[in-house]
Amino acid sequence: MPLSHKKPTVLALSQVYVPDPASVGQHMADAAAQLVQRGFRVIALTSRRGYENPAKIYPSREVIDGVEVRRLPLSSFGKKSMVLRALAGVLFVIQCIMKGLFVRNLDRILVSTSPPVCLLAALAICFIRHAPIKFWVMDLNPDQLIALGKTKPGSFLAQMFDRFNRLFLRKADKIVVLDRFMADRVNRKTQVTDKMAIIPPWPHEEHLTPLAHEGNPFRACQGLTGKKVIMFSGNLSICSPVTTILQAALRVMDLEKLLFLFIGGGLGRREVEDVMIRLHPRNIQMLPYQPLAEIRYSLSAADIHLVSLGEQMSGIIHPCKIYGAMAVGRPILYLGPADSFIMDILNQYPIGWHVAHGDIDNAERVIREIERLPAEQLSSMGALAFRVVSEKFSKAKLSAQFCEFIAR
């Protein structure tokens, strides 16, 4: 038997994993690699096909940073259909149970909410193998479905989901949530403060170096020279709509040096594409996800980063793109509710602006204010953002805190 097989084994369950660009997979990979460094054997069960792009097929087995990655077939059919997403989730769960039951020296199970039904696999393996569950709450359901209007609070689906949530929260040995609003929501389901930690997701600083515009090949390649760029980079999710900023962008087309650049994918991409096809605005551009190795150039090409959180989504999801924007030393234009972790940051540190969903007049006013600001002032705000993320939200600090908590 290989020596590594004698080590206590952590089974990590996540439908997404690097090199897939989904944030959950990147954070799971960071945590898994650090657990390997702490003496664990880590096996990650994930999908063989890409989450955003199911045409992308990864190796069925490989070792990444010491983590044994095993990719399962029929576990991702893309994000275009809710039915296919649900089917992929169920097939992934079944395969995780079949694989997880036979892992040697199983010591603990690390599971996130990708997909939400993945918790079923963790519970089944825990029941038979008696391995404690470490639950990393990346988002909350049925809260998300209710906030999106996909189901009602009193529906059978919502009640069934919440009963299962309460059961799972009671069974979990450790629970990690991402902010105080999420902690409140979880505790309203079942009081678990005594085994919960609030640990935000960290930026991937190894890929995020603040770069000046001069000499940034991405700006030159995309024709951004001389432009002041407001950028949204990441998942254009329906949970984080950008409608208000899009409408405001159409009002400020007279600002010839201002450009709105949307980079990424997701269901919300259709809204941006629709505006571009119908109205041909010269101040809006769109690009696909950029390779992780190139992301320092694309993120640093912005002057300001747009971060959105849906009106009803505080405590349900946690857009971690704010930390990436801060890590490249850029100010934040926040679109979302006033009660949120993002406002906690902006209220404590003057590194950005806040606009409420639907307030297009204020969005236009703020954008015109941003356009008039001298580069030195934006640079000063960005420098403060970089200092805050380095001191409060660094990968070294938060990933170590996370692994220390779940390794106890």
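**Cis prolines, positive phi and a parallel sheet**

Let's start with proline 142, which sits in the loop between strand S6 (133-136) and helix H4 (143-147). Helices here are DSSP runs of H or I, at least four residues, and strands are runs of E, at least two; both are numbered from the N terminus. Keep in mind that this is a predicted model: local features need pLDDT of at least 70, side-chain atom pairs count only at pLDDT 80 or more, and totals for chains, interfaces and linings use all residues. Residues are numbered from 1 along each chain as its sequence is written, and side-chain values use heavy atoms, with hydrogens and water left out.

Back to proline 142. Its bond to asparagine 141 is cis, and omega is about 15°. Now proline 115. The peptide bond from serine 114 to proline 115 is cis too. Omega there is near -5°. Proline 115 also has a loop position, between strand S5 (106-111) and helix H3 (118-129).

Why point these out? Because most peptide bonds are trans, and most residues other than glycine have a negative phi.

That brings me to two histidines. Histidine 130 has a positive phi, near 60°. It lies in the loop between H3 and S6. Is histidine 130 buried or exposed? Exposed, at 66% relative accessible area. The cut-offs: buried is under 20%, exposed is over 50%, partly exposed is in between, with a 1.4 Å probe and protein chains only.

Histidine 280 has phi near 50°, again positive. Its loop runs between helix H9 (269-279) and strand S11 (284-287). Histidine 280 counts as exposed, at 63%.

Next, the sheet. Six strands form an open, parallel sheet, in the order S11-S10-S9-S12-S13-S14. Two strands pair if DSSP finds at least two bridges between them. S11 and strand S14 (352-355) are the edges, each pairing on one side only. From one strand to the next, the twist averages 20°. Angles run from 0 to 180 degrees between N-to-C directions; axes are lines fitted to C-alpha atoms, for helices over the stretch in contact.

Look inside the sheet. Strand S9 (228-235) and strand S12 (304-308) pair in parallel over two bridges. Isoleucine 230 has isoleucine 304 of S12 as its bridge partner.

Last, the helices on this sheet. Helix H13 (360-372) touches S9, strand S10 (258-265), S12, S13 and S14, where contact means heavy atoms within 4.5 Å. The direction of H13 makes about 165° with that of S14. Helix H12 (341-348) lies across S12, strand S13 (332-335) and S14. H12 runs at about 140° to S13.
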